[in-house]
Amino acid sequence: MQHIFSTDLTSGLYTDMYQLSMANSHFNYNRQNEQVVFDYFFRKQPYNGGFTVFSGLGELLPLLQEFKFSDRDIDWLYKNGFKTEFLEFLRGFRFKGTLHSMREGEIVFPQEPLVRVQGNIVEAQLAETVLLNYLNFQSLVATKAARIKLVARGAALSEFGLRRAQGLGGMFASRAAFTGGFTSTSNVLAASIYGLPAVGTMAHAYIQSYDDELEAFRSFANVNPEGCVLLVDTYDTLKIGVPNAITVCKEMEQEGHKLMGIRLDSGDLAYLAKQARKMLDEAGLNYVKIVASNQLDEHIIKSLFEQGAPIDIFGVGTNLATGKPDAALDGVYKLSVADGEPRLKLSENIKKTTLPGLKQVYRYSDDKGNFIADAVALESNAVPVAMHHPYEPDKSMSLEGYRSQVLLQLVMQNGEPTNAPTSVTDVAAYATERLSKLTAEYKRFENPHIYKIGVSKELLDLRNELRSKYKKESL
């Protein structure tokens, strides 16, 4: 029996069955060379927040570049009923499409295209599932990480989520957490692959394996004198754990070393941190840092600081790596052009009626560089000087006097990335820079201000024209 590590994740089978069924049908009717355009966007901000951090592009592009069907894949498809002619077509399949995308780390908003995929109808359709799989999850986690960073007051943030993550999603969670502003990870494989700082402390089991906590601390510090963090809540945090840590710290000083920190992993973290800080300072150990973990998220960390908790480092696991409480970002992938003609999907809910045509997204900033609004327009038209509300056409906004920036840039042409890979560190720096240009009212947790997204007059007219056309045809 095969397992996941014996499978190449660039396999063309990394898709949903209906993608292959549709591709088979297109091939059967000789439509495989018909050119199309798809847009990737999402409809609702995660966490009831005011922004999303776009993440995952750096992993998606190399996957698409190598996306193919191996002999083993072809054999499996044959056994599952696909005909020889179609399978021979897939044997030679390579993704040769063109992608325009927002830069990874960009701050993004609902209803605007984040990625535009152009290519033949088979390759564009086969790219859908893996694109959604990579971008939805990583953007969700990166946004969670950014929200945590907003309230962390400069504290170091380490991602501890691998053991609670959804399987291999833990690898992408570590990457996305760093994109959103975390400074390290406990995930050693992710640290190795993505060039991230790897950190680790100790587990309760290590201490429990000794007859005495002090002996456990001494043995651990002796082998790990650099960056040593002692877990102090195995038995009694303030009566046993912190005093033992102080004893070991004094012994380390005599050997020319310094204890980096103590970790609190249970109990009333605010109270324990304040008491532990007092004990450490009274022992002349003001350099010893306090690390906190245990089911943390942005709301708990915000509360801890509001209570005056003197915590220097947070280890955040489950709630970050799983994107809790949101199960997923609701990103979708919708056809906007087919065979040279603009297309849309109708819905009784106007918010689910898609935007047709080949589009560009423009961001407008004031003279201080702060983001003001984004406008979606047909690429063939000039940069908009005004925009309209996509669902309330009586509402409009002048864009005169603001500086505009094109957001969708060419990132892949004919199946090949157009730029050298960007390090996760650079992506994280860009995300931090861009988030700083979003003013505070959009970043608050309670009732954040809604960022303005509009459409050009020409795009609005095209959507309304197609809506009328399709509605008449359905009568």
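**Reading the cysteines, strands and helices**

Reply: The sulfur of Cys249 lies 9.1 Å from the closest cysteine sulfur, that of Cys228, which is too far for a bond. Please keep in mind that this is a predicted model.

Me: What is a disulfide, and how many disulfides does the structure hold?

Reply: A disulfide is a covalent bond that links the sulfur atoms of two cysteines. This structure holds zero disulfides. Seen from Cys228, the closest cysteine sulfur is in Cys249, and 9.1 Å is too far for a bond.

Me: Is Cys228 buried or exposed?

Reply: The cut-off for a buried residue is under 20% relative accessible area. Cys228 has a relative accessibility of 1%, so Cys228 counts as buried. Cys249 has a relative accessibility of 1% and therefore counts as buried as well.

Me: Cys249 brings us to a helix. Which residues of helix 11 are buried?

Reply: The buried residues of helix 11 include Cys249, along with Gly241, Val242, Ile246 and Met252. Among the elements that cover the buried residues are helix 10, strand 8, strand 9 and helix 12.

Me: How do I read the length and the ends of helix 11?

Reply: One compares the expected span with the distance between the end C-alpha atoms. Helix 11 (residues 237-254) has 18 residues; from its first C-alpha to its last it reaches 24 Å, close to the 26 Å expected at 1.5 Å a residue. At its start, a side-chain oxygen of Asp236 comes to within 3.4 Å of the backbone nitrogen of Leu238. After helix 11 comes Gly256, which has a positive phi near 85°.

Me: What span should helix 1 have?

Reply: At 1.5 Å a residue, the 12 residues of helix 1 (residues 17-28) should span 16 Å, and the end C-alpha atoms are 17 Å apart, which agrees. Its buried residues are Gln19, Leu20, Ala23 and His26. These residues cover an arc of only 120° around the axis, so they are on the same side of helix 1. They pack against helix 3, helix 4, helix 5 and helix 6. Just after helix 1, Asn30 has a positive phi of about 60°.

Me: Let us turn to the strands. How do side chains lie in a regular strand?

Reply: In a regular strand, the side chains alternate between the two faces of the sheet. As to burial, five of the six residues of strand 5 (residues 115-120) are buried, so strand 5 is largely enclosed by the rest of the structure.

Me: Which strands pair with strand 5?

Reply: Strand 1 (residues 35-42) runs antiparallel to strand 5, and six bridges join the two. In this pairing, Phe38 stands opposite Val117. Strand 3 (residues 98-101) also pairs with strand 5 in the antiparallel sense, over four bridges. There, His100 stands opposite Arg116.

Me: Where else does strand 1 pair?

Reply: Strand 1 pairs with strand 12 in the antiparallel sense over seven bridges. The bridge partner of Phe41 in strand 12 is Val332. Strand 12 (residues 331-338) has six of its eight residues buried, so it is largely enclosed by the rest of the structure.

Me: What follows in the hairpin of strand 12 and strand 13?

Reply: Strand 12 pairs with strand 13 (residues 341-342) over two bridges, in the antiparallel sense. Ala338 has Glu341 as its bridge partner in strand 13. The hairpin has two residues between the strands, and Asp339 takes a positive phi near 55°.

Conventions:
Residues numbered from 1 in each chain as written. Predicted model: local features only at pLDDT ≥ 70, side-chain atom pairs only at ≥ 80, totals over all residues. Heavy atoms only, no water. Buried < 20%, exposed > 50% of the residue type's maximum accessible area, 1.4 Å probe, protein only. Pairing = 2+ DSSP bridges. Expected span 1.5 Å × (residues − 1). Arc of directions from axis to C-beta. Contact = heavy atoms within 4.5 Å. Polar contact = N/O pair within 3.5 Å; in protein donor to acceptor, adjacent residues only side chain to side chain. Disulfide = S-S within 2.5 Å.
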